[in-house]
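Please read the points below alongside the sequence and the coordinates.

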Amino acid sequence: MSQDDQGLLAQSLTKVFGSGDTAVEAVRDVSFSVRAGEFVAIVGPSGSGKTTLLAMLGGLLTATRGRVVVGGSDISRWNEAQRARFRRERVGFVFQGFNLVPYLTAEQNLLVIPSISGKASREARARARQLLRELGVERRAHHLPGELSGGERQRVAISRALMNDPLLVLVDEPTSNLDSERGNEVVRSLAEEVKMRNKIGIMVTHDRRMLTHVDRVLEMADGRLQSPEPQP
Amino acid sequence: MLALQEIRRKKLQFGLISLIVGMVVYLLVMISALGSGLLSAMSGAVNSFDADLVVFSADSNDSFLRSELTADQRDAIAEVGGATGGIGYLAATAQEDSLTQDVALFGFEPGSVAEPAVRSGRALAREGEILIDRSLSRSSGLKVGDQITMRNALINYNFTIVGEVDEGQFLGLPSAYVFLDQWREMRYPGHGQDAPAASVILARGHTDNLGARVEAAVPNTSALSKSDAIRAIGGVTQQQQVVMTIELFGFVIGALVIGSFFFVLTMQRAYEIAIFKALGASSWYVFGQLICQVVAVALAGLALGVPLALVTEAALPSDIPLQITGGAFLTGGASITIAALLGSLFSARQVVRVNPMSALGQV
């Protein structure tokens, strides 16, 4: 069980938006698990529910039914304050597109993470430097996002996702603003970080060329997993 | 501080709002200064009385112009307790060569609490000598040693200026001081000993409800605290109400300007706020950042508006009743900070309503 405590478990996960006649089931009865150190892709056409699923895994949305267990805690019914704390402490997000704060330098964008946890410190600064160095963007530390290339921006975003040393790294369409060569590089470094740091890595993408870097692919269509794993 | 970084990167926007806030601070300080200037011009000389209580005659409607107290009343008031002293009031005209100037002429009982403190020159020694207020020497150029004529009821009285006091103005007129007996002679010429003894009696004493005891012990008197006596001066209350109303408008305008600026700013960065929230920031955190910026803008506005007010005071001619006091800065500074914080509450709802899901490009 101690191995499972470090992983992620989704059980009969369902999300319904609206109610009555207008109710829409965005995610229907999805079950799967991901081990620490495993990098998994969720693919599917737009509207298939993959972003909603990602939001439930990351504590951005509550589940209507079913549960999400991350690192031994069931987060699926937590209130907003509990989920915000979960996101601060256990989750690293890489959002789609231009997701850095435009008026903060690369380094300051990383320092947002300790700042919102009230843990700004010299150690946090050193850690930000270290992460930027590892992702090869250290010399861009004092540049604003607008002065960085698309690839550099994504590397800064990945560094930010690792700032709080999360259990779970969630990535939303990481290549949507990149050409395929840069996209490939970015996803490869993501995969490396997940492996090296023993994180639970989950990436939502529509770009099938990126699937060479992942351990496993979950296909979604119409809110369901296409090849459901056996119930754990 | 990350919130201050945004100000650094958006110098133009924050510079302009700070400029506007600075102008509102300037306005508030100047209005407050005009208010105290007006109050001082109307009642400075009364405020300078070294007394807790001003006793008027009951039928005077608490007016220095109408109040008349007899010698019996004066003696009875002195018996109630505390230190007392008679004051006589008269609006007279000072003349010297080409100068004609209305003054507020006070008669005081020598050696009593009513006697003003001499700042330069010497105290009165005999009748025919007069003390003038600084406001009079400044506006007219009169100085110690000069001869002036005071005219009242078609009679001229000659005086030598022997000293200067710093008591202030009354009803917009500079004050001047003579012995009470001389005032009596000028105010009631030909009445001799039948004339009233004084306009009002000042009393000083720490005993509680001295006023009530005076009114009870001495018939036909009306005892007011000094601040009530000032408020009873015709027009003072109305003037101060006008000033306060204008200040209130300035306050509301300040709150609206700052409020709408931060409201628009908050709407513009809804996406950034969504990212902050998705990363786990609470609405409190985001709002705290906003408050930091609001306070920074208010401080910048103060840093602009306060020196501007000081420069204006130095540049304006001295006959404009403008008195920049610590209170004026406090009023300006405190009200703009409160206005800024109230204004930013508009944005609080906005911050709370941002859904972190929009960071994922949904909702």
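Two residues are in contact if their C-beta atoms, placed from the backbone, lie within 7 Å. By that criterion, among contacts in chain A between residues at least 6 apart in sequence, 70% join residues at least 24 apart. The model is predicted.

**Chain A overall**
- Chain A holds seven helices and ten strands.
- Its radius of gyration is 17 Å, close to the 17 Å that the globule rule gives for 232 residues, so chain A is as compact as a globular protein of that length.
- Taken along the principal axes, the box filled by the C-alpha atoms of chain A is roughly 50 × 35 × 35 Å.
- Buried residues make up 47% of the 232 residues of chain A.

**The six-stranded sheet of chain A**
- Six strands of chain A form an open sheet with mixed pairing, in the order E6-E7-E8-E3-E9-E10.
- Strand E6 (91–94) and strand E10 (224–225) of chain A are the edge strands, each pairing on one side only.
- Within this sheet, strand E7 (residues 168–172) and strand E8 (residues 200–205) of chain A run parallel and are joined by five bridges.
- Val169(A) has Gly201(A) as its bridge partner in E8(A).
- Helix H6 (residues 150–162) of chain A packs on the sheet, where it touches E6 and E7 of chain A. The direction of H6 makes about 170° with that of E6(A).

**Helix H3 of chain A**
- Helix H3 (residues 80–90) of chain A has as its buried residues Arg83(A), Ala84(A), Phe86(A), Arg87(A), Arg88(A) and Arg90(A).
- Within chain A, the buried residues of H3(A) pack against strand E4 (65–70), E6, helix H4 (106–116) and E7.
- The buried residues of H3(A) also pack against helix H9 (270–278) of chain B.

**Domains of chain B**
- Chain B is divided into domain 1, made up of 2–43 + 236–360, and domain 2, covering 53–205.
- The C-alpha centres of domain 1 and domain 2 of chain B are 47 Å apart.
- Domain 1 of chain B gives six residues to the contact, and domain 2 of chain B gives seven residues.
- On the side of domain 1 of chain B that touches domain 2 of chain B, two residues are nonpolar, three are polar and one is charged.

How values were computed. Residues are numbered from 1 along each chain as its sequence is written. Chains are lettered from A and ligands numbered from 1 in the order in which they are written. This is a predicted model: local features need pLDDT of at least 70, side-chain atom pairs count only at pLDDT 80 or more; totals for chains, interfaces and linings use all residues. Helices (H or I, at least four residues) and strands (E, at least two) are DSSP runs, numbered from the N terminus. The radius of gyration is taken over C-alpha atoms; the globule rule is 2.2 Å times the number of residues to the power 0.38. A residue is buried if 20 or more other C-beta atoms lie within 10 Å of its own, exposed if 12 or fewer, and partly exposed in between; C-beta atoms are placed from the backbone. Domain bounds come from an automatic or database domain assignment. Ala, Val, Leu, Ile, Met, Phe, Trp, Tyr, Cys and Pro count as nonpolar, Asp, Glu, Lys and Arg as charged, and the others, Gly among them, as polar. Two strands pair if DSSP finds at least two bridges between them. Axes are lines fitted to C-alpha atoms, for helices over the stretch in contact, and angles run from 0 to 180 degrees between N-to-C directions.
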